[in-house]
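Dear colleague,

Please find the structure below, handed over for your files. My notes on what was found in it follow.

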Amino acid sequence: MDRQAWIAVTLCALGLVAWQVYMTTHPGVPPKVAATSAPITADAQPTATPAPESSPLATADASPSPASPAVAAFPEKIETLRNSDVELRLTNRGAGISEAVLLNHAADKGQNVVLNAAGRTPIGAIIEEPTAPLLEFASAPQPDGSVQFERTAPEGVSMRKKFFFVPTKEKKDNFVSEMDVDFKNDGAQPYTNRGYFITLGSATPIHPKDMPSYTRLAWCIDGKAKGTDVNWFAAQNYPLVGVQKRAAQQFFQEKIAGTGAEWGGMTNQFFTTLITPLTAKGVAVWGSRFEVKRPDAPPLLGMEGALAMPGFELQPGQTASLRFQIYTGPKLYGRLAKLEHDEAAIMNFGMWKLVSQALLNFMNLLHGWLGNY
């Protein structure tokens with residue numbers, strides 16, 4: 001390596017150190033949103049008529065606190081979907097991904113990296129409100145290798161969900177799966193869905209020393225990633241004077257104007273879960289913070305979120321088919337850049353894009369040699 005190359009690498013390293021120091025001392029300015037103590041409701045479509053009092057996703061139970069998810073009264077059943085890179089553990093509680101085990105990525109003590117915190121909301125559940133209890137689905141593996149879930153409401157409106165891996169020619173880094181959803185109205189009356197939420201799962205630090213600002217809820221609008229992290233929920237004070245600017249918040253929520261969100265996801269420093277709706281775009285995002293208990297150590301902060309989707313109408317006999325792409329894996333820029341909906345924007349390089357890309361490529365090279373970041 002010649003002198004100029006060594007100078008470039010040195011400047012990149014210094015730039016990264018400066019960025020780390022800046023992020024540590026500047027946790028970020030909270031976005032200007034109207035945060036309240038109750039979750040928002042997804043907007044209705046302009047042509048939608050009022051929804052009936054009951055729906056296939058409604059229950060009579062009260063919404064639980066996001067810091068303490070409701071424990072379902074029915075036994076959990078797990079189905080497994082696996083390829084050479086990731087194992088998806090699918091639960092009948094909400095018909096989503098309870099855990100995504102990365103088979104070729106090691107965390108502390110040699111254990112596999114697991115995305116989505118134990119006991120939190122699964123990835124890909126469809127619910128009316130982000131804090132609503134999870135409903136029971138019937139599950140069954142299919143002959144083609146996929147896993148199918150189904151639930152039917154007394155009104156005759158059923159929801160069927162199918163999880164499977166997307167066919168690909170890639171020989172490695174296959175972290176993309178798909179979730180197809182069919183709402184079918186077998187009832188005698190029209191059905192109006194005024195909007196629903198798809199849960200994004202949760203994110204927690206991989207290592208106790210990870211900076212909190214890396215634990216984030218993210219979404220993408222017109223190819224640009226936006227987001228908020230666990231620091232947003234703390235009380236905010238005016239600089240220098242110490243006067244409280246805003247009390248601590250329980251929920252983050254923001255409506256998305258314009259064309260909507262291409263995807264929503266949860267991310268930590270090295271790994272991410274992204275859900276990309278393929279038949280519509282998100283209309284709002286929601287998030288909450290929770291503590292991750294550790295024996296003989298202070299708790300870490302985690303975050304979970306949901307993406308609000310527009311509603312739809314079904315006449316008797318009609319079916320609404322929805323499709324979602326799910327990425328559960330490391331933040332590999334080259335792999336994410338091959339996806340078709342600006343998923344690589346999750347890297348959030350910002351003003352240090354050139355420096356970050358150079359260092360990221362170097363880290364991925366080391367990972368290829370050592371098998372660990």
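With which residue does Asp 180 form a salt bridge? The partner is Arg 323, and the closest N and O atoms of the pair are 3.0 Å apart. A salt bridge here is a side-chain nitrogen of Lys or Arg within 4 Å of a carboxyl oxygen of Asp or Glu. Please note that this is a predicted model, in which local features need pLDDT of at least 70 and side-chain atom pairs count only at pLDDT 80 or more, while totals for chains, interfaces and linings use all residues. Residues are numbered from 1 along each chain as its sequence is written, and side-chain values use heavy atoms, with hydrogens and water left out.

Strands (E, at least two residues) are DSSP runs, numbered from the N terminus. Asp 180 counts as buried at 17% relative accessibility, whereas Arg 323, at 38%, counts as partly exposed. The terms are set by relative accessible area: buried is under 20%, exposed is over 50%, and partly exposed is in between (1.4 Å probe, protein chains only).

The whole structure holds 15 salt bridges. One of them joins the side chains of Arg 160 and Glu 150 at 3.2 Å, N to O. Arg 160 belongs to strand β8 (residues 157-165) and Glu 150 to strand β7 (residues 147-152), ten residues apart. Both are partly exposed, Arg 160 at 37% relative accessibility and Glu 150 at 27%.

Asp 229 lies in strand β13 (residues 224-229) and is buried, with 6% relative accessibility. The side chain of Asp 229 reaches the backbone nitrogen of Asn 231 at 2.7 Å.

By contrast, Val 241 is exposed, with a relative accessible area of 57%. Val 241 is found in the loop between β14 (236-237) and β15 (244-246).

Lastly, the second largest pocket holds about 750 Å³ of space. Its lining has 31 residues, and those closest to the centre are Val 114, Thr 204, Pro 205, Ile 206 and Val 292. A pocket is an open set of points on a 1 Å grid over the protein atoms alone, where a 1.4 Å probe fits, with protein on both sides within 12 Å along at least five of seven lines; lining residues have an atom within 4 Å of a point.

With kind regards

Terms used:
Helices (H or I, at least four residues) and strands (E, at least two) are DSSP runs, numbered from the N terminus. A polar contact is a pair of N or O atoms within 3.5 Å; within protein, one must be able to donate a hydrogen and the other to accept it, and residues adjacent in sequence count only if both atoms are side-chain atoms. Grid points are joined across faces, edges and corners, and a volume is the space filled by probe spheres set on the points.
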